[in-house]
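Let's walk through this one from the overall layout down to individual packing contacts. Keep the viewer open and follow along.

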Amino acid sequence: MLTSAIDKDGIALVTIDMPGRSMNVIDWAFTDALRAEIDRLAADPAVTGIVLSSGKTSFIAGADLAIMNGMSGPGTSPASASERIRAMTDAFRAIETCGKPVVAAASGTALGGGLELMLACHCRIAARNDKARFGLPEVTLGILPGAGGTQRLPRVIGIEAALPLLLEGRRLTADEALALGILDELAEPEDLVAAAKRALQEGRVDASAPWDRKGFALPGPAITSEAASNIFLLANAKVRAAGQRNYPALEAILSCVYEGLRLPIDKALKVERQYFGHLVHGDVAQAMIRTQFFARQRLARVGRAGPDPDGALASACRSAMDAQAMRMLTEGMSPAFVGNAARIVGLARPPHLPGEDGATHERDRASLRPTGLRLLRAAALAAVAALERGDVASAVEADVHAIDAAGFPVWTGGPLSMIDTAGAAAFIEACRADGLEIPVGLAAMARDGGRFHPNEEAAA
Amino acid sequence: MPDALIYDHLRTPRGRGKPDGALHEVTPIRLATTVLEAVRDRNALDTGLVDDVVMGIVMPVGEQGQCLPRVAAIAAGYAEETAGVQINRFCASGLEACNVAAAKVMAGQADMMVAGGVESMSRIPILSDGGAWGTDPQVAAATSFVPQGISADLIATKWGYSREDVDAYAVESHRRAARAWSEDRFAGSIVPVHDRVGEVLLARDETIRGNSTPEDLARLKPSFAALGEKAGFDAIALERYPDFAGIRHVHHAGNSSGIVDGAAAVLMGTREAGKRAGLAPRARIRAFAEIGSEPTIMLTAPSFAAEKALKRAGMNVSDIDLFEINEAFAAVAMRFIEALDLDPEAVNVNGGAIAMGHPLGATGAMILGTALDELERTGKQTALVTLCVGAGMGVATVIERI
């Protein structure tokens, strides 16, 4: 998967080309091979510089998400997950500290771990390629870039520019990435490798990262400045208001930057991988990876990805929530309370409620989240019934369509993933406490210890 | 247990805390030495009797840092034996300094103390000291941090104070402060601040607008609407107060405490130490208390602190003749009055921080003095002084004339 050719100037051209795949992805085998190759080239006195390139039209699409499976479940912990990702962090750090100048020459897209690898190189050149996208979209799967992305991106472009990219996972074009300073240079595709070699030959590439050199100053406001404090003050509020603490990745990413930028890079990378370990080991990341990545990929493959807002499933979920909300009002909750409960669990659309007047007695705020979860459970039961009726083809489709068409919160992975996460028996118990009626099929599933999404399915 | 007796107190006038304010050219340490020298000179005090100078400073950084009270004591020519310490309990630091000083006296571990505080908000702006509360992502999340203005607006929302209500409160604060000055009610306690050639820089509080009208205030835009609605802080507040559909944003620069510069000193000690110094005690510290409460609404703890201090003193609300509550925001004072069911005519009778400003570290000591002066002027006996404090705290002190 890695081939190296050393030219007459001593420049090693390393080509990444994973056999049998349309795009390169980072898995443990690749990580180990990369580490070994870098160590070998660093030790070879004939090598004066290194160019990392791809044998495909894209650079690296990201990490192979199957590797996330080994980081949760029985026998794992946040600590073990953190230790596992370390192989990747250390391989990238080995590039950065190998003592020779390293240029990333990206033929196209570099996302997630692919961009993290580029950020660990001393110079980043990309081909002019309209299809190429650069970004750290980990947050959209409930995790964070755990191989240096939260540390190197702000060190390269400053806190203020880095935070929105890390928190939204936005994908940039090559021109945008160049303008932000993530890329150093663009080259014509046929000239890419030559441009990378020129940068080395002309001595334009340092053999160390700026943050490993004395006197490094962060671009933009210093992490200890009042300006940086204000950036965090507002970013903290923004993610809290938007995510209501349903997405632990948002807080974790902010903390990686807030804490890590105060530290030397090696200690900073340790902070990052520990936050990563907590996230990847958690239920939210597992549910989001299952639904937002694997389920969507599968539906796209069979051409059933489009949401259907008027579909039977979406209508059933929405009317179940509306009915439940009305019941809450008759129990004496104010419309404001029910609206806030829906907001706090992340419902994209609040249930239909009569006017906001007639606030009744003050309720214990501790019951707010349970009230919101009750709305979700009512919708989840409607999704179960829809699946039993055959309104949707599969549990996978039910989850995706409930999110897209009924506004079911993404952090749950969808209604059926939510039941799986709780376990059917515990879910039923919670429903009974809410006074919700349990479908026969679900009760049977709980008795058998069954699931909607088989455990191994996530690895597919 | 020895009584902690108050022998004297004084303060600088409060200058607008901006570059065009009268005290902007005065360093914070000179504000401190101004009151330290004045309390010594007018009492002909042998400073060798003073164990410690305890001062509240809320932004103890830069030229306001480095244990300013000790350095100020030396700079003011106090005896070398007089120590100094800076404390920070946010907005109640000045009162906390008095309580700490009183506690040392009552514990028999000090004989004579100077308490007080200083803050040059024009030179060392608020938030200069950084801190983790709202900025460290883990801490901000765990504490449901919102800025104080959102908390004040939440109080108005929860207890139904309209924009007209809070503006009317602010107009009255200015009217009372202007009346107090016109009747010379503060005269006995004000130390004018001079420039380098002896000219008076400021002899009166600079921010009072006695002719302020509700119509003037009605024109001001709410200060915290954007922070609440756009930046997301309202959503955080509503998570804790979910029976409200939204926050009513009623506070603005005109009905919140002013940003000002100033310093205050209170001379305190045992009966014996006073005798040795030839001083007559004016009041006794009856009791004091600090308390924490729900940090998102943050600013409702004065009534809880007051109840705690009164209980400790074995007193009831009805035993108190006068109340001083720091007017951090109009709704804070209004809620305090409502919570304890007070007669508004017995609360902040000479105006408050909305009119005269709130020099963070000094205010508590200033309003303790204001309460004592007013007791003496009207021949009354007991006063309760309290301030709301960031992160949901409150501090209260009960004094009684001798």
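In chain A, the C-alpha centres of domain 1 and domain 2 lie 37 Å apart. Domain 1 covers 2–281, while domain 2 is made of 303–354 + 364–459; these bounds come from an automatic or database domain assignment. Across the boundary, five residues of domain 1 of chain A are in contact with eight residues of domain 2 of chain A, where contact means that the C-beta atoms, placed from the backbone, lie within 7 Å. Sorted by class, the domain 1 side of that boundary has two nonpolar, three polar and no charged residues. For the classes, Ala, Val, Leu, Ile, Met, Phe, Trp, Tyr, Cys and Pro count as nonpolar, Asp, Glu, Lys and Arg as charged, and the others, Gly among them, as polar.

A word on provenance before going further. This is a predicted model, with local features needing pLDDT of at least 70 and side-chain atom pairs counted only at pLDDT 80 or more, whereas totals for chains, interfaces and linings use all residues. Residues are numbered from 1 along each chain as its sequence is written, and chains are lettered from A and ligands numbered from 1 in the order in which they are written.

Now the sheet. Six strands of chain A form an open sheet with mixed pairing, in the order β1-β2-β4-β6-β8-β10. The edges are β1 (2–6) and β10 (185–187) of chain A, each pairing on one side only. Strands here (E, at least two residues) and helices (H or I, at least four) are DSSP runs numbered from the N terminus, and two strands pair if DSSP finds at least two bridges between them. Neighbouring strands of this sheet are turned by 20° against each other on average, direction ignored. Ala105(A) has Ile125(A) in β8(A) as its bridge partner.

On to the helices. The axes of α8(A) and α9(A) come within 10 Å and cross at roughly 165°; axes are lines fitted to C-alpha atoms, for helices over the stretch in contact, and angles run from 0 to 180 degrees between N-to-C directions. So α8(A) and α9(A) are roughly antiparallel, the label for angles over 145 degrees. Phe232(A), Ala235(A), Asn236(A), Val239(A) and Gly243(A) of α8(A) meet Leu250(A), Glu251(A), Leu254(A) and Tyr258(A) of α9(A). That contact divides into six nonpolar, two polar and one charged residue.

Next, α9(A) packs against α10 (residues 265–281) of chain A at an angle of about 170°, with the axes 9 Å apart. That makes α9(A) roughly antiparallel to α10(A). Among the α9(A) residues meeting α10(A) are Ala252(A), Ser255(A) and Cys256(A), and the α10(A) side includes Val271(A), Tyr275(A) and Leu279(A). By class, this contact has eight nonpolar, three polar and two charged residues.

What about α11 (residues 283–301) and α15 (residues 395–406) of chain A? Their axes come within 10 Å and cross at roughly 110°. α11(A) and α15(A) are therefore roughly perpendicular, a label for angles of 65 to 115 degrees. The contact includes Ala295(A) and Leu299(A) of α11(A), along with Val396(A), Val400(A) and Ile403(A) of α15(A). Its class tally is five nonpolar, one polar and four charged residues.

Finally, the other chain: 30 residues of chain A are in contact with 21 residues of chain B. On the chain A side, α8 (226–243), α9 (248–260) and α13 (335–344) each supply at least two residues. The largest share, eleven residues, comes from α8(A). By class, the chain A side has 14 nonpolar, seven polar and nine charged residues.

Methods: Angles under 35 degrees count as roughly parallel, over 145 as roughly antiparallel, 65 to 115 as roughly perpendicular and the rest as oblique. Two residues are in contact if their C-beta atoms, placed from the backbone, lie within 7 Å.
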